[in-house]
Amino acid sequence: MSRRDADPVTQEVVAAALRGIAEEMSIVEYRSSFSPIIREMFDFNCGLFDAGGAMVAHSEQIPAQLGLMEFALAAIRERWPRDAIAAGDAIVLNDPYMGGTHTPDLQIFTPIFAAGRLVGWSGSIAHHIDIGGRVPGTVSAHNTEVFQEGLIFPGIKLVEAGVRNDAVFDLIGANVRDPAATLSDVDAQLAACRRGEERVRELCDRYGPDVVAAAAARVLAVNAARARAAYAEWPAVTARAEGAMDDGGKPELAPAAIRVEVRVDADGDLAIDLSGTDGELPSSINVPLSSTHAAALFAVRCFVDGLSQSVGLARTMKLTVPEGSVLNPRRPAGVSGRHLTVQRLADVLVDALSQLVPERAIAGSQVAFPALVFQADDDAGRRTLFTDILGGGGGARRDRDGDDAIDTYTGNIALLSAEVAELEYPWRIESTRLVEGSGGAGRFRGGAAMRRDYRLLGARAEGTYYVEQTAAHAVPAGRDGGGDGAPAAVTVLRAGGGAEERLPSKGYVHLARGDLVSFLSSGGGGYGAAQPRVV
Amino acid sequence: MSPVRVGIDVGGTFTDGALVDDDGRLRVLKLPTDRADLARGTADGLAELADRGGLAAASLDYVAHGTTVATNALVEGRLARAALVTTAGFGDVLEIGTQQRPRLYDLGAPARRPLIPRDRCFEVRGRLAADGSEATPLEPEDVVLAAQAMRGAGVEAVAVMLLFSFVDRRHEEAVGAILEAELPGVPVTLSCDVAPEFREYHRANTTALNAVLLPLVGGYVRALAAAASERGARVPVHLMQSNGGVSTAGRAAEQPVGLIASGPAAAVIGGARQAAAVGEPDALTFDMGGTTADVAIVLGNEPLQRFQGEHDGQPVNLPQIDVLSIGAGGGSIAAVDDFGTLSVGPGSAGSDPGPAAYGHGGTAATVTDAHVVTGVLAAGRRLGESLTIDREAAVAAVDRGVAVPLGLTVEEGAAAILRIANANMAQALRATSVARGHDPRDFALVAMGGAGPMHACELADELAIPRLVVPRHPGVGAALGLLLSDVRHDLRQSWLRQVAAISPAELDAELGRLQQRARALLEQSGHDERASSVSFELDMRYAGQAYNLTVPLQRRPVDAAVLAAAVAEFERRHRALYSYTPAVSATEIVTLRAHAAGDVGSGRWEEDGGEAAGPGAGARQRQVWRDGGWHRFAALGRDELGPGTALAGPAVIEQEDTTVLLTPGWTGTVHASGALLLAREGR
């Protein structure tokens with residue numbers, strides 16, 4: 001390759017190719033996966049990393065899974081020094097205390113060799129519907145230790161120099177509730193990583209590994225420069241925000257609060273100080289450090305224009321997260337219910353950033369995240385794991401109403417089709433409606449909440465569910481005089497008779513044929529004081 | 001005497017026409033579109049075409065028409081005041097959608113805009129279970145009350161989507177009958193007719209889109225028939241559908257949602273048929289115009305279809321040619337940001353003001369300007385009737401917009417624009433192939449559109465594509481496609497079953513019902529069994545997957561061997577696509593498909609083509625900037641290239657509707673059809 005090929009234009013061409021490869025990996029993954037949570041809800045991501053472990057390109061699925069794989073890869077690179085890594089290896093990690101998120105998120109990495117040298121890594125993270133543990137679906141806000149949360153993979157070789165480590169696959173199969181789907185999904189992740197490897201090798205063959213590395217470095221540098229240029233326009237003040245959970249993951253625990261201070265520091269970086277946040281909890285709504293970073297990346301990216309991706313953004317953010325807090329817990333605190341707190345963290349950060357960038361200010365959105373994982377046998381004796389997640393109201397903006405019924409912030413999960421629910425599971429969804437009046441009042445109203453009613457058609461079912469923002473102090477906040485959104489709730493109407501019964505916000509429930517469970521999400525906050533309308 | 005046949009494609013800016021006269025000779029035509037009155041403009045175009053062929057409009061025997069009338073109505077929001085009737089509990093189905101945000105990092109993004117607002121969505125009691133049995137009887141009174149409210153609200157069309165109507169039509173049909181009695185003259189669209197597949201939101205939205213388009217498209221079809229008749233053309237017009245087949249205007253007016261991608265589909269058919277004529281059954285059609293590049297995959301002479309699409313943010317579940325539209329065209333604007341990053345598109349100078357080189361006041365550097373600066377488009381060259389290439393304006397635009405900010409010479413700046421544009425297109429093309437399980441290297445590239453043939457060699461190099469086809473008239477591909485299309489109807493039926501639990505006879509009976517419906521549609525266009533065919537496909541998946549693969553079914557009647565062959569084909573394709581066979585081995589059928597094709601005698605003509613000229617035509621030369629310097633390229637005129645002429649890059653070939661760039665390493669010949677067949681040396 002001539003020197004001319006390392007010019008900025010070539011680098012831009014190579015950078016576009018890297019983004020394309022990450023996208024191609026994700027296509028390979030979702031098209032061949034089995035669990036609805038990957039194939040329909042897109043709860044996964046793929047990424048490419050340079051030889052030093054920095055993410056240089058990623059696919060664009062849900063933000064909650066984005067920008068955190070660097071942490072796991074760092075742990076893997078520490079555990080497996082360069083001379084212990086061979087072409088054809090695949091390494092799996094999900095340990096929340098080694099850079100992982102929660103245990104159902106398996107991260108798989110494969111090294112990329114070109115011209116005999118390690119040029120980078122290909123990686124995939126995917127949420128598996130069950131990885132074993134105390135409850136079906138693994139996730140329960142009531143877990144108190146990570147040991148209740150299924151298999152833990154501390155960065156071990158799933159495939160060694162191209163040879164599958166059958167013992168690991170057997171172990172997974174013996175420990176999870178839907179082994180066929182889980183093992184197939186692991187294969188889908190491996191196929192995605194292999195595709196990334198292959199494509200990056202082709203790119204290196206064509207342009208040379210040095211040009212590819214230079215292109216990747218340039219993307220990181222340009223994105224970081226763009227972010228700093230945006231921060232430079234923001235006022236030199238400290239924005240403060242806080243928000244609390246319903247409780248501490250269990251009703252008897254005091255509401256956990258997140259407190260943040262955000263300012264542009266003397267280096268032109270964004271200092272995000274979460275020191276005021278409450279301590280870790282004996283429940284599972286603690287957030288592993290990598291997920292805390294993912295929430296911050298999401299929030300900041302919403303306020304910075306022109307980024308090609310999230311890569312490089314982390315270099316411009318200085319996060320202070322005290323060890324032992326709910327956002328940086330210590331082993332063995334439970335973390336499976338972390339997403340509730342991640343959404344609340346995103347809400348608090350968006351509040352703080354709205355103060356710094358008022359033209360983009362937005363009222364509070366739903367972080368209730370009503371979710372259920374119910375296990376039921378259908379009348380043919382087939383065991384099914386049924387899962388669904390409900391969107392809620394988006395916050396109102398300075399110039400328009402909030403969005404009705406959306407999956408907010410770091411989520412972007414599709415609602416399960418009622419027809420799919422009844423075709424494939426012993427459940428009937430009786431209604432799915434917007435909740436009138438649930439959005440906070442204001443000059444612009446908050447988005448409406450949603451209510452969905454599920455009737456059990458099978459003989460029996462049991463499982464976990466959780467929902468936030470059921471307490472008055474935790475509802476989506478109005479902004480600039482706008483009203484708060486309406487709270488979320490879970491209820492059950494037993495077929496055997498009786499009135500509709502309110503359930504605790506997080507729990508484990510047993511149901512019988514004909515029972516009707518209802519989830520209600522929260523409405524978004526309003527913006528600006530409501531004014532009398534001129535007819 | 002052969003029948004006089006016309007294809008007329010009306011796009012946003014240009015109307016393309018092609019006519020095969022009674023001697024079998026082809027004439028093509030490009031006119032500006034009459035945007036003020038599309039029906040009048042189309043009828044005028046028909047008359048003009050006939051006139052150019054020295055014929056009266058009354059002598060036209062067959063007219064096929066591609067139209068953007070449905071697409072424009074959607075994009076411009078000129079939609080009917082429609083109502084929706086749903087199963088009780090699901091009146092918000094359009095409002096809620098999938099609950100996903102279109103732009104993840106844009107908290108201020110505008111909200112979804114349902115096709116039918118909430119106050120015109122009505123719920124009726126009555127529900128079918130997933131197996132089609134009646135869980136709750138239908139309440140006719142609810143429908144009557146809804147109809148009364150609709151009357152008060154001035155509703156112009158109604159969509160009906162009840163749960164599980166794809167399993168059993170009876171509730172939807174009953175609702176439809178009541179509405180028609182209560183609201184005479186108001187068209188009613190049933191979801192079981194338009195989109196009989198599971199997933200209520202996508203079915204509801206497709207049905208709603210059909211309803212909101214019905215009055216407008218119906219009006220257009222009637223106006224066109226009247227205008228054409230006034231000019232003496234009395235033959236019925238066939239309309240191009242998104243699936244790449246034509247249907248009678250009457251049928252198209254009943255299912256306007258099927259017209260949503262009419263224009264791009266016609267061009268793909270044109271590319272596919274012309275590739276087939278030169279012995280390329282597997283092709284990527286690449287149609288690059290002023291604002292977009294449309295790409296489609298052709299496999300075994302047939303364009304790949306997809307069963308869901310999105311148009312202007314609205315999901316549409318309807319079989320349609322799988323066209324990928326990339327925001328890259330001749331008018332795509334190149335810009336350098338504060339951080340020294342060059343981007344090309346998706347912003348476009350469009351046709352007004354257009355590229356700087358058009359001299360109509362455009363100052364932004366565009367892809368076309370880069371072609372001018374690098375000498376591919378010659379200074380002073382006339383494009384169409386009103387444009388002359390202004391090289392100085394192009395140089396100034398590229399210099400100011402790209403070269404100076406990047407510290408490059410103007411030629412280097414122009415070359416950079418073309419590299420980025422090609423890289424973007426290659427990326428999109430690769431992703432689209434992979435997502436459909438194909439490798440671009442296995443295809444020939446068919447270059448169409450005004451800009452396609454200028455990019456084809458370099459795009460093919462980028463993707464390691466070995467062969468190129470440049471049809472004789474790349475600029476009117478859609479009009480030619482219309483002449484080459486058959487009548488086509490696609491029917492499907494959701495039919496979720498595990499293969500192990502299916503009896504072949506049961507499957508065959510279900511397919512028989514589809515075949516009957518297909519035959520009925522073919523009869524509407526006057527096609528009996530001799531002039532038509534019906535083929536079948538199955539959407540299959542492993543139990544638990546959500547993404548299907550579609551495999552052909554060999555024949556009816558279905559027996560165990562036919563079913564086993566389909567399963568084997570599914571397994572083979574899955575393995576080829578994803579490199580593994582899952583631990584789950586149960587296979588399922590998801591959807592049954594029938595394709596009805598009616599022959600309309602499409603497809604032969606003679607070219608006016610030039611003489612079999614020798615390579616002496618290459619005596620003229622042109623300086624073209626490539627690889628960091630000016631190089632001598634042969635300058636040829638397409639009209640001079642008769643069949644059999646040998647070609648070798650570097651060369652620039654000019655013709656009325658485009659310019660073909662042959663870079664070094666590409667050689668080939670002129671085919672008898674006038675198409676250029678090119679191959680990359682050493683591949």
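Biologist: Which residue stands opposite B:D16 in strand 3 of chain B?

Modeller: That's B:K30. Keep in mind that this is a predicted model.

Biologist: OK. And how do strand 2 and strand 3 of chain B pair?

Modeller: Antiparallel, over seven bridges. Strand 2 covers residues 14-20 of chain B and strand 3 covers residues 26-32.

Biologist: What sits between strand 2 and strand 3 of chain B?

Modeller: Five residues, and the two strands form a hairpin. In the turn, B:G24 has a positive phi of about 80 degrees.

Biologist: Switching topic: how many residues of chain B are in contact with chain A?

Modeller: On the chain B side there are 49, and they are in contact with 55 residues of chain A.

Biologist: Which helices of chain B supply at least two residues each to that side?

Modeller: Helix 3 (93-96), helix 7 (200-230) and helix 12 (410-435) of chain B. Helix 12 of chain B gives the most, with 10 residues.

Biologist: And how does that side of chain B split by class?

Modeller: You get 28 nonpolar, 13 polar and eight charged residues on the side of chain B that touches chain A.

Biologist: Now the inside. Which residues touch the most other members of the largest nonpolar core?

Modeller: B:V158, B:I417 and B:L445, out of 371 residues in that core. Helix 7 of chain B gives the most to this core, with 15 residues.

Biologist: What does B:L445 touch?

Modeller: Leaving out residues up to four places away in sequence, B:L445 touches B:L284, B:F286, B:A456, B:L459, B:A460, B:I465 and B:L468.

Biologist: Over to chain A. What is the strand order in the open sheet of four strands?

Modeller: It goes 13-12-16-19 in chain A, with antiparallel pairing. Strand 13 (383-389) and strand 19 (506-512) of chain A are the edge strands, each pairing on one side only. From one strand to the next, the twist averages 15 degrees.

Biologist: How many bridges join strand 12 of chain A to strand 16 of chain A?

Modeller: Six, linking residues 371-377 with residues 460-466 of chain A in an antiparallel arrangement. A:A371 has A:Y466 as its bridge partner in strand 16 of chain A.

Biologist: What about strand 17 of chain A, how does it pair with strand 20 of chain A?

Modeller: Antiparallel, over five bridges, with strand 17 at residues 489-493 and strand 20 at residues 516-520 of chain A. A:A489 has A:L520 as its bridge partner there. Strand 17 of chain A is also joined by two bridges to strand 18 (residues 501-502) of chain A, again antiparallel, and A:T491 stands opposite A:R502.

Biologist: Last one, helices. At what angle do helix 7 and helix 8 of chain A cross?

Modeller: Roughly 35 degrees, and their axes come within 9 Å. The crossing of these two chain A helices is right-handed.

Biologist: Which residues make the contact?

Modeller: From helix 7 of chain A, A:S291, A:T292, A:A295, A:A296, A:F298 and A:A299. Helix 8 of chain A brings A:R338, A:V342, A:L345, A:A346, A:L349, A:V350 and A:L353. By class, the residues of this contact between helix 7 and helix 8 of chain A divide into 10 nonpolar, two polar and one charged.

Key:
Residues numbered from 1 in each chain as written. Chains lettered and ligands numbered in written order. Predicted model: local features only at pLDDT ≥ 70, side-chain atom pairs only at ≥ 80, totals over all residues. Contact = placed C-beta atoms within 7 Å. Nonpolar A, V, L, I, M, F, W, Y, C, P; charged D, E, K, R; others polar. Pairing = 2+ DSSP bridges. Core = buried A, V, L, I, M, F, W, Y, C linked by C-beta atoms within 7 Å. Buried ≥ 20, exposed ≤ 12 C-beta atoms within 10 Å, placed from the backbone. Axes fitted to C-alpha atoms, helices over the stretch in contact; angles between N-to-C directions. Left-handed = near helix turned anticlockwise from the far one by under 90°.
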